[in-house]
Amino acid sequence: MIPQTTLAKIRSIFGSAGFLDSAEDRIAYSYDGTPLLTHLPDAIVIPQSVDQISRLLKLANDEGFGVVPRGSGSGLSGGSIPVENSVVLLTNHWDRIIEIDQNNLSAWVQPGVITAKLHSAVEALGLFYPPDPGSAAICTIGGNVAENAGGLRGLKYGVTKNYVLGMEVVLPNGEVIVTGGKSVKDVAGYSLKDFLIGSEGTLGIITRVLLRLIPKPQFSRTMLAFYSKLSDSAETVSDIIASKITPAALEFLDNTTIRSVEEYAHLGLPTSIDSLLLIEVDGRSAEVEEDAAKIVDICKRHGALEIRIAANEQEATKLRMARKAAFSALARVRPTTILEDATVPRSEVAPMLERINRIASNHNLMFGNFGHAGDGNLHPTCLTDERDANEIHRAELAFGEIFSEAVRLGGTITGEHGVGLAKLKFLEKALGEPAIDMMRKIKEAVDPNGVLNPGKIFSLRPRCEGPLPTNREQIKKFADSGAFT
Ligand SMILES: Cc1cc2nc3c(=O)[nH]c(=O)nc-3n(C[C@H](O)[C@H](O)[C@H](O)COP(=O)(O)OP(=O)(O)OC[C@H]3O[C@@H](n4cnc5c(N)ncnc54)[C@H](O)[C@@H]3O)c2cc1C
């Protein structure tokens, strides 16, 4: 626990309105979107200025406590879950779009801006901010930059890092820097912004972000193609790419996911099919129509049972819903949903899915699979029950094997959710100890006292063995102790 004398100093920086330490608040900020992981923060702070963050970090270095930045807490690797001796620092209330610069195709935003709110604001001006995580309606730009979030449009448009021009950051020692800017070209020294993107809140607290915008595509076509065999949908994906068409989205759902979505959203999906593809092309009208016609041909050639093409934006939204509802729909099937993002080169999607199904069956587990087939970023999702310790143990073993397979096929343990707490024990498998050692040295150089988001990405120990850290018992004891009113 952080000593009371130190907590009093933290409170004096933020004032009573910016400092929370009630039992209710501590429990509310003890978890994020990741199942099985929780830890109570000692307090939560709500900054009103960059200077307050600077002063907090200086105090953290002097008195030895951790500071955990947090946006919306929708992360799926436990990045914003505190570890012992830490305060959670919120940035989600800093939610202002500061400037949209149409001449320089850029926008300065505060870190708490909700991604979908930015989409709407720029699209109203004929501009486009492509990164669109499935959580766009709830996640923040700060969280997206810290995780280098991907999304459905990643195949054609890339991920968050492709749209970050600059940022203002408070470094772990409390100093403030602005790195990057509106110049399209800038090679003055190391690109610190690129170093900070995807650093999961371990190297700096983002207080403003400068984002690149592009002109909004004029036209789009959205379709669903249904298949009776996984190999047919996989060959469709390969053939679309080989035909030199780059769809804006090329997404995959397996039968378990399709059935769950249909039960949840009632979209009229056939529940007996093996898999479906959601395909979207965008751009200029003539080019889109030509690509859409070619894609329909390719789908038919690979045995598509049916192809549904949206006639208008309303229908397109309904077709997209089949994919967007996947996580929520699967989450209703069993009490605990462990969603991962094992990623392989796209040519290995079909073999990887076969291996995931085999591993699930060997461990007698229920899995739903969906994901970004076009860029090989799969979401094997274990539908389980955390009250069954044996089943959770089997799920752990299964994910260990899935990550090994992904790495063996030339892929990685995470394509977009980050390492956080959930995957630090698999990191060595993906990167090898020398690479992790180099990352640790960078962290030590920037944050020698380890005050910023401690315990994330790589554990303080060289290896973290055993099951995932879970602190449900801690929360239960705390709630039962009477502290919780
Ligand atoms: C239904 C659902 C669908 C999802 N779909 C996708 C998807 O398609 N693609 C994808 O990439 N992710 C997806 N995610 C995961 C998640 O939404 C993203 O990782 C998102 O970027 C997290 O944003 P957040 O604001 O919730 O951040 P948080 O969860 O609060 O934090 C995430 C990390 O960012 C750090 N952080 C947050 N704010 C700051 C800041 N201001 N400065 C420094 N560090 C900061 C935190 O310390 C933490 O390490 C999904 C999650 C859900 C629940």
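Guide: We can start with the domains and then turn to the contact side.

Guide: This is a predicted model, where local features need pLDDT of at least 70, side-chain atom pairs count only at pLDDT 80 or more, and totals for chains, interfaces and linings use all residues. Residues are numbered from 1 along each chain as its sequence is written, and side-chain values use heavy atoms, with hydrogens and water left out.

Visitor: Which domains does the assignment give?
Guide: Domain 1 (1-90 + 423-485), domain 2 (97-215), domain 3 (219-322) and domain 4 (334-419). The bounds come from an automatic or database domain assignment.

Visitor: How far apart are the C-alpha centres of domain 1 and domain 2?
Guide: 23 Å.

Visitor: And how many residues are in contact?
Guide: 22 residues of domain 1 touch 22 residues of domain 2. Contact means heavy atoms within 4.5 Å.

Visitor: What area is buried between them?
Guide: About 1,700 Å², with carbon and sulfur atoms giving 69%. V50, V446 and L452 supply 25% of what domain 1 buries against domain 2, more than any other three residues. Buried area is the accessible area (1.4 Å probe) that two parts lose on being put together, summed over both.

Visitor: Switching topic: how many salt bridges between domain 1 and domain 2?
Guide: 0. A salt bridge would need a side-chain nitrogen of Lys or Arg within 4 Å of a carboxyl oxygen of Asp or Glu.

Visitor: Which elements each supply at least two residues on the domain 1 side?
Guide: α3 (50-63), β3 (66-70) and α16 (433-446). The largest share, 6 residues, comes from α3. Helices (H or I, at least four residues) and strands (E, at least two) are DSSP runs, numbered from the N terminus.
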